[in-house]
Amino acid sequence: MTADLKVYGRSNLRSKEGFFFTLVFPIILILLFGAIFSSGGISQTKVYVQNLDVGPIGSSFVSALNSTSNYCSSNSTSGLCLRPVPSDQNFTQFLTSNSASDGVVIPANFSAAYQAGDKVNVTVYGNPTSTTSAVVSGIVAVIVNGFNVHGATGVHSVGITSKTAVSSSYKYIDFLVPGLIGFAALTSPMFALVNISSTYRRDKVFKLLSLTPLTKTEWLLAKIIWYIGTTVVSFFLMTLVGVYAFGAHITLNWGIGMFLVLGPFFFVSLGMLVGTVSNSPEAASVVGNLVTFPMMFLSGTFFPVASMPKYLQTVAHVLPLYYMIEGLNDVMIYKNFGPAYFDAGLLLIISAVVFALAVKFFRWRED
Amino acid sequence: MPAIEVDGLKKKYGELQAVDGISFSVGEGEVFSLLGPNGAGKTTTIEILEGLRDRDEGTTQVLGMDPWKSGYELHKKIGVIPQGFKFLDYPTPREAIVYYGALFGRKVDPDELLRRVILDDAENIWFQNLSGGQKQKLGMALSLVNDPEVVFLDEPTTGLDPQARRAVWEVVRRLKGEGRTVMLTTHYLEEAEELADRVAIMNHGRIVAIGTTAEIESKFGTGQRMVVKGGQGLFAYLQENTKLDVRRDGETVTIVLRDKEDALVALGSIEESGAEWGDLTVKRDSLEDVFLKLVGEGGTAKGGE
């Protein structure tokens, strides 16, 4: 089995197509989609401001903030843009529901405390890893200093409390990275296995292998191990590009590993099964594409499933790739392990069934 | 005990009776060739013996084992090159040998094997870039990684140029020299004549002749004939004045030579006839003549290039 793994892996890297689809293609995709969806209005920083103060000082603080956000126009692509938050809203929930991380809250007793010279703090919400948050806290600090100089008592009575928003802000790229990892785990093993299962039969390579003590299960396992390897590598490459080129928020943890193993396990088995039930390499590639492409687009690879119409969401829920991408989203971004374990378990069961079917139906020799 | 024993073997694909009750045995260390046109049932037969196909009827034993039931055990002791041998595109011959050996759990010396199949000049070329002859030689090398007792070669030289064929033949002779049993299918008569100790001619799933090439030639051939150019006069004179078996086809007169006496009488009578004659030759049925006679001119069989 090790020998088979070695030879297959080497072949895969030597073949230009294999190398391209396994490692280069996903990177191109992430660069492409990342570039398309990260530019435009998305880079304009929205700052949510909640003024709980009823007195005049709170309002002038907001005006001061407003004066710094003179880029907040429809045709600008960068800069700050203030968004008022009604005082009856729970601020952190509001941030979360708007997928934002930057915000300023002026406390209820702001005017009174300021006029009395009592110590009072403005709360700045931000994401420590985000550059926009640094800009926001910088601006707030400048305004606070200005208020302290203006203060009648000359005492620095206004301070800043920094808070990290409960949820970090989700950008398109955050969602794209798990999607594309799922995509990579889907495409290269599927296409490769559909192809080799039929061409090996045509070229009688299976016959040759059947003449050795190597078993079908060992052979298929070697393919699975190889594609787990390539998926892990492409995971790291995509994460690097996602984080450093587009500032994706990704946390590495072992939960990701489950999906990097289960994904290739499932798709290698599925590819083998599809290739086995098709009679010719041509038929196999047609059937392979029929299975692959709908799964690719409907499972939340490029577009969030939640943004799809209801009936497509229903379709997505029967696609195994959906559970892989969903699970990856859970562990990579939301760190939400409960549902991820469910997704992983489901994937494991489906994979085991497909693997068993693939081994059963795929024949070394004929009768 | 013979290395291969086949008795009453039958195999049907749908309506087509591919193999129709054949029996033969191959002794240890023998080179045995199945000769026949395309579609005669050679590959089906050899694949059943290799354990790659099940049979419908009859018994087969290779090294005392049933190839279909004991395939796993048998495969450790036999070497096989399937027809139109192909391998993965990217390994080099050296890597392929190490890999295939590892599948058998054997550590093989690739250099030694490459030398044995005369492929040491191409050890680092990717499989997809090898020539047809080199690919076939790699196939031979792979079939030898497990030091097999019986080697099955299914049309090992089909599609090769004459030089490459001779190289493959050389390897087969070496296998015989090492005492291995070789079963070979071919549709080249020349190849069977060159390599095989015994030949079985197959047609439409049956064996139509079996034995050494000399045995087949004498059994099914017409023996020696004297062929001479001459007209009706010569033919008539020989018919009237000798007891020879004489035939005429246009300007060609053929005299069957049953023994040496016939040859002397024929020569004397031709001279005595006073008729015009020339271009005298003595011919003997070659394996090709016998083959065409048995298989029919319509068969796709032809001697080598």
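At what angle do helix α13 (residues 320–334) of chain A and helix α14 (residues 337–361) of chain A pack, and how far apart are their axes?

**Entry 1. Conventions.** I noted that residues are numbered from 1 along each chain as its sequence is written, with chains lettered from A and ligands numbered from 1 in the order in which they are written. I also noted that this is a predicted model, in which local features need pLDDT of at least 70 and side-chain atom pairs count only at pLDDT 80 or more, while totals for chains, interfaces and linings use all residues.

**Entry 2. The opening question.** I found that α13(A) and α14(A) pack at an angle of about 150°, with their axes 8 Å apart. Axes are lines fitted to C-alpha atoms, for helices over the stretch in contact, and angles run from 0 to 180 degrees between N-to-C directions. That angle makes α13(A) roughly antiparallel to α14(A); angles under 35 degrees count as roughly parallel, over 145 as roughly antiparallel, 65 to 115 as roughly perpendicular and the rest as oblique. The crossing of the two helices is left-handed (the near helix is turned anticlockwise from the far one by less than a right angle; clockwise would be right-handed). Among the contacting residues I listed Tyr323(A), Met324(A) and Val331(A) of α13(A), with Phe337(A), Leu347(A) and Ile350(A) of α14(A). Residues are in contact if their C-beta atoms, placed from the backbone, lie within 7 Å.

**Entry 3. A further helix pair in chain A.** I looked up helix α9 (residues 216–246) and helix α10 (residues 254–277) of chain A, which pack at an angle of about 135° with their axes 8 Å apart. This makes α9(A) oblique to α10(A). The crossing is right-handed. Leu220(A), Tyr227(A) and Phe235(A) are among the residues of α9(A) that meet α10(A), where the partners include Leu260(A), Phe265(A) and Met272(A).

**Entry 4. The two chains.** I recorded 14 helices and 5 strands for chain A, and 11 helices and 13 strands for chain B. Helices (H or I, at least four residues) and strands (E, at least two) are DSSP runs, numbered from the N terminus. Of the 367 residues of chain A, 42% count as buried; for the 305 residues of chain B the figure is 45%. A residue is buried if 20 or more other C-beta atoms lie within 10 Å of its own, exposed if 12 or fewer, and partly exposed in between. Among contacts between residues at least 6 apart in sequence, those joining residues at least 24 apart make up 78% in chain A and 69% in chain B.

**Entry 5. Where the chains touch.** I found 20 residues of chain A in contact with 23 residues of chain B. On the side of chain A that touches chain B, α1 (2–14) and α8 (205–210) each give two or more residues. The most come from α1(A), with 6 residues.

**Entry 6. An enclosed helix.** How many of the 11 residues of helix α3 (residues 93–103) of chain B are buried? I counted 11 of the 11, so the helix is largely enclosed by the rest of the structure. Arg94(B) and Glu95(B) are among these buried residues. They pack against α1 of chain A together with α4 (110–116) and α5 (132–143) of chain B. Just after α3(B), Gly105(B) takes a positive phi of about 70°.

**Entry 7. Nonpolar cores.** A nonpolar core is a set of buried Ala, Val, Leu, Ile, Met, Phe, Trp, Tyr and Cys residues joined through C-beta atoms within 7 Å. In the largest core, of 146 residues, Ala141(B) and Met183(B) touch the most other members. Helix α7 (residues 172–202) of chain A gives the most to this core, with 17 residues. A second, separate core of 21 residues includes Val85(A) and Phe91(A).

**Entry 8. A sheet in chain B.** I traced an open sheet of 6 strands in the order β5-β6-β7-β3-β8-β9, with mixed pairing. Strands pair if DSSP finds at least two bridges between them. The edge strands are β5 (78–81) and β9. β5(B) pairs with strand β6 (residues 150–154) in the parallel sense over 4 bridges, and Val80(B) stands opposite Phe152(B). Strands β8 (residues 198–203) and β9 (residues 206–211) of chain B run antiparallel, joined by 5 bridges. They form a hairpin with 2 residues between them, and His204(B) in the turn has a positive phi of about 50°.

Key. Contact = placed C-beta atoms within 7 Å.
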